[in-house]
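User: Please take a close look at the contact between the two chains. What does each side bring to it?

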Amino acid sequence: MEAGQKTTSVLNIVGKRYWFFLFSALIIIPGLVSLLIPPGLKLGVDFTGGTLWELQFQSVPPTAAVRPVFTSFGHDALVQTTGETSVLIRTKEIHADAPEKGAIEQALREKLGDFKELRFESVGPTVGAEASSRATFAVALASLGILLYLWYAFRRVPNSFRYGVCAIVALLHDALVVLGVFSILGRVAGIEIDSLFVTALLTVIGFSVHDTIVVFDRIRENMIRHAGESFESVVNHSLTQTLGRSLSTSLTVIFTLTALVLFGGITTRIFALTLLIGIVSGTYSSIFNASQLLVVWENGELGKLFRGHKPVGATT
Amino acid sequence: MLVGILVVAAAAIWVALPTNPGVHLDLLGQTIDHDIVVHEGLDLQGGMQVLLEADVQPGVKVTADSMQAARQIVERRVNALGVAEPLIQQGEGNRIIVELPGIKDPDQAIKTFGETGLLEFVDAGSTYLPEGSAVTTSLGGPTTTGAPAATAGAATPAASPTSAASPTPAASPAPAAPPTGAAAGSTPAPTPAPSATAQPGASPTPAPAPKAYNTVIQGKDLKSADVAFDEYGRPEISFTLTDEGAKAFGEYTTNNVGRYLAIVLDKRVISSPVIQSPITEGRGRITGKFTLAEAKSLAIQLKYGALPIPLKVIQNRTVGPTLGQDSLQKSLVAGIIGLSIVAAFMLIYYRVPGLLADLALVIYTAAVFALFKLIPVTLTLAGVAGFILSIGMAVDANILIFERMKEELRAGRSLRAAIDAGFGRAWTSIRDSNVSTIITCIILFWFGMSFGASIIQGFALTLFIGVVVSMFTAILVSRTFLHLLVDAGLVHDLRWYGLVEGPARPTPAEKPA
């Protein structure tokens, strides 16, 4: 059987696993730190409640003049420019059917000229709070569903439950990368988390597992084929074999997403970017984290890991 | 098999093309007149989505029947607005979701269908009640503070007819001060209420005493209500009464000539005319400072009756049309670019099978888009993004199969056997990995459903359809094409299949290059 495999040498990915763990840690830790310092994430109106109002004026409006109009109505507004002549205003909830909105519009027209309403989103506080809890719940539910499915799909493999857990750890890795990046972006560039972000996050989770499963699948198959070999060696074989495929798949998705980020409309840009970051991370974690974790577990190295012992190179 | 695929592909392309004329047939006496178009979501064509919730005191139970009734009334009012394809749905709990694509005046629309719309003709005796003042009637008093109804701007709905005249510390926005002096309501105060801030410059209103004015007739006594114009061309409402209403009204006006009859909408006074003479024919006019839009709004409300429970807006998303169209163009361009890059990559890396995969990909794109048109799936920008994403993922199944094939070929199998083995072995991987995406889609759909976020649902649905169809095209279509090619004996040199070097030993039926 080895004769057929001679065309590509087996890469010792597993051997270098601690380097990969280190790399992951380096990526995650800054994001994690940013997440833990309040406010971890810059939440948009979808979760905090409030109003998001985007207006397009006929000529460049002085943003400094917009804010006082709102203040006179008792609204502490955040104003930023979103285009050449458009502004985005963020303030507390305004009811469209109350005269307040009409009055503000009138005042704005008097002071700054005519404008077109690009969008108006007003979310009440209860709905906002609900959305947050739903989002968290959705992520948890997705993870649980995937864990159960993996347990079932790999039921005939010894220690099948480990596969589910390692896949989930890889998934958490990806989620943390994405959340961390956006936590930092929130501080630096003021990018907000809205419900579309949660959608992207859930998609990343789905895709990350998709990727990991292909690798695990191959491990499962090779464990039968290479029955006599060490687990580490089996995983190495599997990784080498699936490397081409994993990279190819991720590349195709990355191509389409990059096209979206670069050429797509502004509304989907951040959404596509979130997906892009998540999927790159997903590919990385499937190859360099998930399977290694299985090996670590199998070899009983978990204890050593937590005691800070980091052997470099293969142990077998 | 091939014929089947070609037929489906052709049909899909025909449906997917934008110039599709639709289906117009006369079939056994039944006409099918159906345009096949893309249904654009709110963020593409502009429009409004509003989440309404029953506005009752915490702890007060709202029956399913009254929610149902409220929903129906909202639906009728919305339909009267004349919006194409509105959506009115019962949401979770005491909520109603209203979506109005392409609405021109979203704010006025909310006033039309969201306000309670309870009209009362009230015996004000010798008191002139100024417009805009809040009153308590024999049917109840205002429970929320807000700004005046049906004058310059409208109010969040006020009392439910059965509540007592007790003010709630309501969570309403600090009312602005429209300069035309309509007072913000200070509620009749049996309890020290945190009333709305007094407006400087507004005409001082006599604080409505806790006196409950007697309601003579109300909205449900009206038989019809329409917009009309007075001699100066100003809008007003002309109405007729039901027989009972006409009788009660006739009696009352006969006995009360010279007294004030206040016309009250949602506990706010619209106008306060004096009864000049008895009105026995059961018809009349309501005048007030209406704009045409407001008059139309009021007429709609009166036509379909007052809401049994007041509703408040808890979420409002309005998108203007310009934003959407621009993004759509760009996204489509991005999609085409993405598709081209993926196709090129497949061709370069996998060569012949890659080319076939590209063909399958084109069929895939047409099929998915055709499904969007047929089901129909409301397409949003996120949905388009999902579609583009699924294009990238669609090739994944093919890649899995081809990589397997390469392995089998390296191991020395015959071309045909390698193809079959490739497809067979890869199936478990494809199935398992797509299942996880499908689970995510289901959860996303539920997540969006809970607060009417049709955008998220649109994304989940497009991704789901994309994944399912991709499984189909990758396996069925590619395999058919490949088999065809091999059977035709066209391409045998394994280098065409992406192998860098030849197999370990010569394979049968192979012509050495």
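Analyst: Helices here are DSSP runs of H or I with at least four residues, and strands are runs of E with at least two. On that basis, chain B has 10 helices and 16 strands. The model is predicted.

Start with the contact itself. Chain A gives 71 residues to it, and chain B gives 75 residues. On the side of chain A that touches chain B, the elements that supply two or more residues are α1 (2–5), α5 (99–112), β4 (115–123), α6 (125–153), α8 (195–225), α9 (231–263) and α10 (266–298) of chain A. By type, this side of chain A splits into 36 nonpolar, 23 polar and 12 charged residues.

One strand pairing crosses between the chains. β4(A) runs antiparallel to β15 (residues 311–319) of chain B, with 5 bridges. Within β15(B), Asn316(B) is the residue opposite Ser122(A).

Now the packing. The largest nonpolar core holds 207 residues, and Ala167(A) and Ala262(B) touch the most other members. Helix α7 (residues 321–374) of chain B is the top contributor to this core, with 21 residues. Take Ala262(B) as the close-up. Leaving out residues up to four places away in sequence, Ala262(B) touches Val122(B), Ala124(B), Leu129(B), Val135(B), Tyr213(B), Val269(B) and Ser272(B).

Chain B as a whole gives the background. Of its 513 residues, 52% are buried. Among contacts in chain B with a separation of 6 or more, 73% join residues 24 or more positions apart.

How values were computed
Residues are numbered from 1 along each chain as its sequence is written. Chains are lettered from A and ligands numbered from 1 in the order in which they are written. This is a predicted model: local features need pLDDT of at least 70, side-chain atom pairs count only at pLDDT 80 or more; totals for chains, interfaces and linings use all residues. Two residues are in contact if their C-beta atoms, placed from the backbone, lie within 7 Å. Ala, Val, Leu, Ile, Met, Phe, Trp, Tyr, Cys and Pro count as nonpolar, Asp, Glu, Lys and Arg as charged, and the others, Gly among them, as polar. Two strands pair if DSSP finds at least two bridges between them. A nonpolar core is a set of buried Ala, Val, Leu, Ile, Met, Phe, Trp, Tyr and Cys residues joined through C-beta atoms within 7 Å. A residue is buried if 20 or more other C-beta atoms lie within 10 Å of its own, exposed if 12 or fewer, and partly exposed in between; C-beta atoms are placed from the backbone.
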